[in-house]
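Here are some notes to read with the model open beside you. Take the points one at a time and find each place in the structure before moving on.

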Amino acid sequence: MTRAIPLLLFVLSPLIAGATDEILASFRLKREPLAPMRGYISEVTEDGFRFRTFGVGGKRLSVKWEALVAEDAQRMRIEFKLELTEDEKRGLMEGHRIRFRGGGYDEGLLVRVDEDGKHWLKVKGLLFPYPKNRMEGLETIKIEESKVYDKDELYLRRLERVPPSTAKDHRRLADRMFDVGNFAKAQDHYDAAIELEPGLERELSERRRELSELRADEELARIISKARVAAILNGNFSKGRAMLQEYIDAGGGRTAARALGDLEQVWQDKQRARFLHTKHIAASQLVRKQIALGKLDTVQQAMNWVTAELPGMLKARIKETMDLSEEQYEAFLANKGKGAPHFAGYWSGSFIRQKRGVKTAGKGIKADPEKWWGGYDVQTKSNWLKAYMAESLGDIFEIVSVRHTDCERCGGTGRVRKMSLTAAAGGKHEWKEICPRCFGARQDRSVSYR
């Protein structure tokens with residue numbers, strides 16, 4: 001059994017302009033603030049709304065927003081998605097923080113809690129399970145929307161607040177409505193897209209035909225809608241698949257089988273995205289933890305740990321987090337070339353990893369990797385070690401690009417000019433030394449990787 005947590009379905013409120021649904025409401029007018037109006041609201045627009053009072057033959061009125069008491073007008077406009085709340089203006093929403101035993105926490109939106117106590121947290125559009133035995137506590141917090149949703153979902157949330165006005169907006173919103181099983185809304189937005197851009201009619205003909213079939217078969221539409229909500233919104237793909245498979249086994253047609261295939265593809269895509277996200281988060285946490293605990297005192301120890309121990313530790317962490325078998329782990333690991341790249345750089349420690357562009361003999365500070373490593377903080381060393389990790393573990397990470405930028409101290413020459421009022425050997429007052437920042441490497445090396 002699973003206890004679902006309420007989750008925004010990305011469905012436009014029936015209170016937007018043109019809707020015919022009636023919503024129970026109460027408000028005060030400026031001219032009679034002590035006598036609240038009670039009844040039903042419909043046809044909400046930016047200017048006002050249609051109102052019908054209680055009772056048989058209730059009065060029908062057209063009410064302007066400016067006629068309401070300011071407090072009520074603001075409250076209702078927020079409810080009707082015509083105005084943003086203060087949190088929405090700042091990009092904040094109600095979210096959750098899971099604290100772990102032994103320290104640390106993750107933040108996101110709690111979507112559901114399974115019967116065995118496993119908590120599912122939505123982070124960057126992906127769902128991650130957290131077993132109860134790893135948790136110390138759960139708290140409700142204010143969180144940035146961008147921590148919970150991916151770029152596509154953020155875009156759709158904006159469309160929910162500001163009704164779509166272009167064919168592209170209507171189509172993307174229609175696709176989302178179709179994905180979560182709101183077929184009536186999907187049909188409306190596909191129609192609106194075609195009205196704005198008639199050339200889309202041929203391209204969308206198959207999808208609209210499928211929608212017509214679903215709307216004609218209420219039982220099939222109900223099953224597919226419930227399956228999509230369970231799988232896509234609540235992350236319970238096994239439940240969604242089971243619902244569709246049961247319908248297919250009972251004699252369901254090609255539409256149900258196609259819906260099951262679509263669901264399987266979504267599940268595979270989500271799993272791959274979760275794997276990539278988990279891989280990078282786990283790698284960053286493991287690297288930072290080892291350095292913070294003082295287990296990597298020298299740069300040589302750090303490099304040896306990356307090549308000898310990190311791969312095994314990373315595999316164990318990913319398999320535990322995602323509950324993967326060895327075969328599943330290897331299959332996901334082999335799937336490269338997708339996902340946003342991550343970035344890391346050696347910064348002024350680039351001289352440790354690349355051939356120096358100028359000779360280091362003569363005046364100036366000598367290039368000592370261990371002295372450099374010991375002189376910087378956890379963040380700088382973590383970034384350096386992640387860059388080394390990405391370049392060294394080719395079976396786990398894929399290098400997208402390597403970038404070189406001129407040293408900010410010497411401008412890429414490898415040397416700096418020195419001057420003295422007292423003449424040096426040979427009577428010179430000016431000479432050049434090896435750059436004390438890049439140690440003659442001339443450039444900083446950084447990598448982007450998946």
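This is a predicted model: local features need pLDDT of at least 70, side-chain atom pairs count only at pLDDT 80 or more; totals for chains, interfaces and linings use all residues.

1. Strand β2 and strand β3, which covers residues 32–42, run antiparallel to each other and are joined over six bridges. To find your way along the pair, look for S26, which sits opposite R38 of β3. In general, the strands of a sheet pair through backbone hydrogen bonds, in either a parallel or an antiparallel manner.

2. Now widen the view. This pair belongs to an open sheet of four strands, ordered β2-β3-β4-β5, with antiparallel pairing. The edges are taken by β2 (23–29) and β5 (60–64); each has a single partner strand, so one side of each has no neighbour in the sheet. On average, neighbouring strands here are turned by 50° against each other, if direction is ignored.

3. Which helix packs on this sheet? Look for α1, residues 70–79, which touches β2, β3 and β4 (48–53). The direction of α1 makes about 155° with that of β2.

4. Is Q290 buried or exposed? Its relative accessibility is 10%, and buried means under 20%, so Q290 counts as buried. Leaving aside residues up to four places away in sequence, Q290 touches K295, L296, W305 and M313.

5. Finally, here are two loop residues to look at side by side. W347 lies in the loop between β11 (342–345) and α15 (369–374), while F439 lies in the loop between β14 (430–434) and β15 (443–449). Phi of W347 is near 55°, a positive value in a residue other than glycine. For F439, phi is likewise positive, near 55°, and this residue is not glycine either. How accessible is each one? W347 has a relative accessible area of 36%, so W347 is partly exposed. F439 has a relative accessible area of 8%, so F439 is buried.

Key:
Residues are numbered from 1 along each chain as its sequence is written. Side-chain values use heavy atoms; hydrogens and water are left out. Two strands pair if DSSP finds at least two bridges between them. Axes are lines fitted to C-alpha atoms, for helices over the stretch in contact, and angles run from 0 to 180 degrees between N-to-C directions. Contact means heavy atoms within 4.5 Å. Buried means under 20% relative accessible area, exposed over 50%, partly exposed in between (1.4 Å probe, protein chains only).
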